[in-house]
Amino acid sequence: MGLLTEGEPLSWDETKQLADHVRQHGIDQFLNLYHQLLDRKGDVLKWGDEVEYIIVKFDHINKTAKVRLCAQDILGQLNEKEANDPHNVKSLWRPEYGAYMIEGTPGKPYGGLLAHFNIVEANMRYRREEAQQLLGPDEVLMTITNFPRLGCPEFTWPVDQPTPKVGSSRSLFIPDSAIYKGHPRFSTLTRNIRQRRGERVAINIPIFKDENTPSPFEEDLISIGGDTDSLNAALPDHVYMDAMAFGMGCCCLQMTFQACCIKEARTLYDQLTPLCPILLALTAASPVFRGYLTDVDCRWDVISRSVDCRTRQERGLEPLTTDKFVIPKSRYDSTTLYLSSQGEKFNDVPLVYDETIYNKLKSANIDHQMAQHVAHLFIRDTVSLFNEKVHQDDTVEMDHFENIQSTNWQTMRFKPPPPKSTIGWRVEFRPCEVQLTDFENAAIVCFVVLLTRVILSYQLNFIIPISKVDENMSKAQKRSAALTEKFWFRKNIAASTSKTVNADVNSSNDDVSYTKMSINEIINGKTGEFPGLIPLIHSYLSSMEVDTDTHCTIQQYLKLISRRASGQIDTTASWIRRFVQDHPAYKRDSVVSDEINYDLLMTADGIRSGRISCPRLLGDCLLANSKTKETIPPAVQKVYSCTP
């Protein structure tokens, strides 16, 4: 989860006093690195995934499931391998926001061979098994986007109580013990975001109105310590949440790609941006929050609001007197700006940026779009600063830049190379919700990576106006969006610098270059109108040499995604929603009880392990059908190793 600097965190008042110091030195650091590495070229494709996990403790006698607050102990053991032999580990483990969460990545990045697609799932299995071995007999490592009863009474093990009047969160629902304590970053962010905002964060998600759901749906917050802030913040017919943990306590699936040069990185950043809402809808996996069935399927807005540190002035609720900007979005939100020359004309949303920083960047020969991008990121204050990192050597360090860069959590992230590193220019793809099985997660990862190869090989153009991407992000989170919503998408995807690309985005030429399509049409194609992303991947693969096992595995992955897009099988969110509504203990009142939650998670783990068959979720793409292996074929590896 971003920059993990060691040291003693400063208070919010101390941090606030140093906000401009961090900004100015962060810009100096960016300029020094940018000019050093602008002409860096020739890096090979490398890529990897990040999978986040929740540790669940089951009580089979009382039929309850709780989050197990043991991440710090587990990580201590998992990190021993890396500490002893950092260059030869198969997995890397890092903390996440929750004391019940861990994050795993491959020990080394994957490369440009198609055979690498066949080891992704095997490595995910290895990671899961490695961590699972350290858990107790009734504890399970699960890839669920959110714990359905997070914030309900006694949802943690050991049990703890919220402290609305003291602590970092001061939440009505979340005890501070649920925040990871092995690194001060997480509690510091929680405290500083709340203090900068001037009140608790406010998250309101529409409740799913079932037959017996009260109307209006309102909760008695006073009985659990609610004050004026919470009473004013909670909306009728919504599930109210008040802490960073409700968002950052969710799990996701992310991918990072190394480009050959900065131009290719900017191209990938832009071309993947319109795909973010499509993949969000396709991977939707979180219809339950705080023990209630909601009318959304995704986590995105929950996280966005959970870290919304904007003051009332910045949210436009009061006139600007002490703050500089009215900021339309939270610091966790969708991408606001294309970075390539091809995308510039489609930046049709008014951009809020720091003009002083922009002018400084421009005077240092940073191009207009990159200068705007960085100046936009730097309208934010730092919300976590460590005493040991206040004063840095801007010629060789990047911590001040990364401090702000890493707390702008957008659907895409453009990542400069670290100082004095062999790592190149990268982009990070961030919208996907994590799926129940390693098979599904590997399928999503390989699908997105293959799309990057197709985009670059065929020089495709998926760019649509940023305003349409924002509209798609809102639609993607709706209930059953993958099946029922239509999304703006480009029809003419052949790369071009013709009038269609360069014309004003409101012109008739551009109006016919994009249209509304279903997820099925985008993924599988529409005869005579759009080829479809999977047919494009098939076309690309047909021209490549690939071993039989890898070909088999990729076909299984594409079949899963194709059928999920067509509605033949459920998204994870639809499956969870159906499970809850069909459960004999469900009273059609939107409540996901302890018993329902226990059975849901037990069934999910059974599906993950293969003990339970679930055609509704996986179709006939059975977990055993993948030919995934832990290593690529020796002959292929030999050729790859000899390649300069």
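A: This is a predicted model. Let's start with Asp-470: leaving aside neighbours within four places in sequence, Asp-470 is in contact with Lys-329, Ser-334, Thr-335 and Val-349.

Q: How long is the polar contact between the side chains of Asp-470 and Ser-334?
A: That polar contact is 2.9 Å.

Q: Which helix does Asp-470 lie in?
A: Helix 15, which covers residues 466–476.

Q: Is Asp-470 buried or exposed?
A: Buried. The relative accessible area of Asp-470 is 18%, and the cut-off for buried is under 20%.

Q: What separates the C-alpha atoms of Asp-470 and Asn-441?
A: A distance of 25 Å. Along the chain, these two are 29 residues apart.

Q: New topic: helix 14. How many residues does it have?
A: Helix 14 has 21, residues 438–458. From first C-alpha to last it reaches 30 Å, close to the 30 Å expected at 1.5 Å a residue.

Q: And how many of those residues are buried?
A: 18 of the 21, so helix 14 is mostly covered.

Q: What comes just after helix 14?
A: Gln-459, which takes a positive phi of about 50°.

Q: Now the strands. Why is strand 3 largely enclosed?
A: Because four of its five residues, 91–95, are buried.

Q: How many bridges join strand 3 to strand 4?
A: Five, and the two strands run antiparallel. Strand 4 is residues 101–106.

Q: Which residue in strand 4 stands opposite Arg-94?
A: Glu-103.

Key:
Residues are numbered from 1 along each chain as its sequence is written. This is a predicted model: local features need pLDDT of at least 70, side-chain atom pairs count only at pLDDT 80 or more; totals for chains, interfaces and linings use all residues. Side-chain values use heavy atoms; hydrogens and water are left out. Buried means under 20% relative accessible area, exposed over 50%, partly exposed in between (1.4 Å probe, protein chains only). Two strands pair if DSSP finds at least two bridges between them. Contact means heavy atoms within 4.5 Å. A polar contact is a pair of N or O atoms within 3.5 Å; within protein, one must be able to donate a hydrogen and the other to accept it, and residues adjacent in sequence count only if both atoms are side-chain atoms. The expected span of a helix is 1.5 Å times one less than its number of residues.
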